[in-house]
Each structure stands twice: as structure tokens, then as C-alpha cells.
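Subject: Structure for your files

Hello,

Here is the structure I said I would pass on. My notes on it follow below.

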Amino acid sequence: MKLFHCLRHVDKFRSVFDFGGREVAHWFPGHMAKGLKQMRASLKKETLDVRPHVLILNKMDLADMTNKQRILKKLEKDGVQNVLFTDCLKQRDDSIKKLVPMVLEIIGLGPRFNRDENPNYCLMVIGVPNVGKSSLINSLRRTNLKKGRASRVGGEPGITKAVLTRIQVCERPIMHLLDTPGVLPPKIESVETGMKLALCGTILDHLVGEDVIADYLLYSLNRQEKFSYVEKYSLPEPSDDIQHVLKRIAVKLRKTQRVKAITGVGNITVTIPNYTAAAYDFIRAFRKGELGRVILD
């Protein structure tokens, strides 16, 4: 598609997203509250006040890595120094090989008790939903133990509900990770923050609404002039109308549903586009990196 076709009506597209008076999103299931409570209790059992940590930024294949140095400088300014970028879905990720040596170095630089008598290590994995915590554990097992996955993974939040499952990820030294459910703050600071979290898959889609998330995605793509969705779904040109886009997606992918319609002469069954299924495909394509990289600042 030629650029001038893409930009023909862009000046008429939305510059502000209408959240429709929605309240601030709340999503704090019981397993999150239970998980936080047990995580805190487990950390309190430690004999040391200093708990070194590594910040792992996963799904680097979906990120714009040209900003890597800027991210590292910002984190360093905030006091975060031990950072690792990973892509845990790759069968071989060289960054994963660096994790165990990095952990050993960090621990070796800090005070430890009974290290000679107890050379085993146990680490806790903490993060928001759907960032790849279970994938990280499985990747470490695959790299260090040559074994298959031990933690269930999925493309939506809430897959891991068991709290503090102990999984071995290394033999020399013996190292275990504690898999935990993803957790979010009980109260998200703003509706737009909640929408961005939903778009990234950290909040269950149906709690926000697939159609609303899809509309926010369309708004974000258009605002940043990311028009790859036009070619992917065979649209004649970019559109700011989510219903029009979802209808085209449903038709292209043959996503339809049969519903009953009441008429003056009785009930009939008609076939209509399945907008929810189309919205889900649209959102999933974005999360898989098929629609370009959108900056959600």
C-alpha cells in the first residue's frame, strides 16, 4: 500500500481516546491476595535484611531494543543495576545462560549465612501477570537441566494460581525457583493505565471488554501511524471506526455466529459477523508482534 493512501484521512482520526466515563479498573483475584500474603511470609523467614535481586525484562522480541541503553540508564538512575533482557520462548536464548552466573556473583558480593554448610540456592520469581515468569523457569530448566517444562504457560494472565511452587532449574549449583502468580496493585492508578495493562495482556480481556481493548489498540496504532493491520486484514485503507475494522476482520477470517432474530412473522436464524472473535484475533496479533511495535508510554 502506498503511503499517501494510508495518510489520506489520518488528520481526521481521533487524537484523544474516549474512555466513556469508566471507573478505574480493579482486578485483584483471590489467588493474587493469597500469593502476596504468602510471598511476604516467605521473605520474612529469611535471616537477612538484604535481599539482592535481578530485574528480568522478558519478551524482548516484542520490544524496540533501540531504546535499550536509555532504559538501562533510567533504571540505573533509579538504583536498579542488575538487569537482564530475555526472550524465554526461544529454544536457545544466550541471555538465559547469563542468569545463574549473575545470581551467584550478586550473592557472592553480599553477606550470606551458612553458605559453606548449605550450598543450595532458592530464588523467588515475582512479576505482573503474563510477562513470562513460568516461561523463564521452563527456559532455565531447558538450558541448565536439559529437561522439559515444569510450569504451565499460556497467552493470558492467571495461568499460574499455585503459590510458591518450588522448581529446580540448575544442578551445579543446586538452584530452585519459586513460581508465583502474577500480581498487580489492588488499585490501578488510572483508567488509561489499566487499558494499557489490558492491551499488554496483564488483565483478563473480558474484565475490560475485548471490543474496548481492540478500539484502544486501533486508536494507538493509528496515532503512531502503524498501518500494518490494513494489509494483514485486507482493508482498503486505515480506519478509525472499530466496528468497521472488526467487521472486515470477521469477514476475512470467516468469524461468524448464528443468532435468532424476532420478526413480525416469527423467529428466524441469521448469520452475522462475530465481533468478539474478530476483536480477540486483532488483540492477539498485536501481542504476537504482528502489527508493529506500539509505544505505550
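In this predicted model, strands β4 and β5 form a hairpin, with 4 residues between them. Their pairing is antiparallel and runs over 5 bridges; strands count as paired if DSSP finds at least two bridges between them. Helices (H or I, at least four residues) and strands (E, at least two) are DSSP runs, numbered from the N terminus.

On the provenance: residues are numbered from 1 along each chain as its sequence is written. The model is predicted, so local features need pLDDT of at least 70 and side-chain atom pairs count only at pLDDT 80 or more, while totals for chains, interfaces and linings use all residues; side-chain values use heavy atoms, with hydrogens and water left out.

The sheet

β3 and β5 (residues 175–179) run parallel and are joined by 4 bridges. In that pairing, L123 stands opposite L177 in β5.

Helix α5

Axes here are lines fitted to C-alpha atoms, for helices over the stretch in contact, and angles run from 0 to 180 degrees between N-to-C directions. The helix has 12 residues and reaches 17 Å from its first C-alpha to its last, close to the 16 Å expected at 1.5 Å a residue; the expected span is 1.5 Å times one less than the number of residues.

α5 is mostly covered, with 10 of its 12 residues buried. Buried means under 20% relative accessible area, exposed over 50%, and partly exposed in between (1.4 Å probe, protein chains only). Among the buried residues of α5 are K133, R141, L136, I137 and L140. The buried residues of α5 pack against β1, α4, β4 and β5, where contact means heavy atoms within 4.5 Å. After the helix comes K146, whose phi is positive, near 55°.

What is the arrangement of α4 and α5? The axes of α4 (residues 94–109) and α5 come within 10 Å and cross at roughly 85°. α4 is therefore roughly perpendicular to α5 (angles under 35 degrees count as roughly parallel, over 145 as roughly antiparallel, 65 to 115 as roughly perpendicular and the rest as oblique). On the α4 side the contact is made by I96, K97, L99 and V100, and on the α5 side by L136, S139, L140, T143 and N144. These residues divide into 5 nonpolar, 3 polar and 1 charged. For that division, Ala, Val, Leu, Ile, Met, Phe, Trp, Tyr, Cys and Pro count as nonpolar, Asp, Glu, Lys and Arg as charged, and the others, Gly among them, as polar.

Helices α6 and α11

In helix α6 (residues 191–199), the buried residues are V191, G194, M195, K196, A198 and L199. They pack against α7 (205–208), α8 (210–223) and α11 (275–287). Just after α6, G201 takes a positive phi of about 90°.

The 13 residues of α11 should span 18 Å at 1.5 Å a residue, and its end C-alpha atoms are 18 Å apart, which agrees. Buried in α11 are A278, A279, D281, F282, I283, A285, F286 and R287. What covers these buried residues includes α6, α7, α8, α9 (228–232) and α10 (242–253).

The loop between β1 and α3

L62 is in the loop between β1 and α3, and with a relative accessible area of 30% it is partly exposed. Leaving aside neighbours within four places in sequence, L62 is in contact with R287, K288, G289 and R293. The C-alpha atoms of L62 and F286 are separated by 9.4 Å, although the two residues are 224 apart along the chain. A63 sits in the loop between β1 (55–57) and α3 (68–77), and counts as partly exposed at 32% relative accessibility. Its C-alpha atom is separated by 8.8 Å from that of V294, 231 residues away along the chain.

The whole chain

The protein has 11 helices and 7 strands. Buried residues make up 38% of its 297 residues. Among contacts between residues at least 6 apart in sequence, 64% join residues at least 24 apart.

Regards
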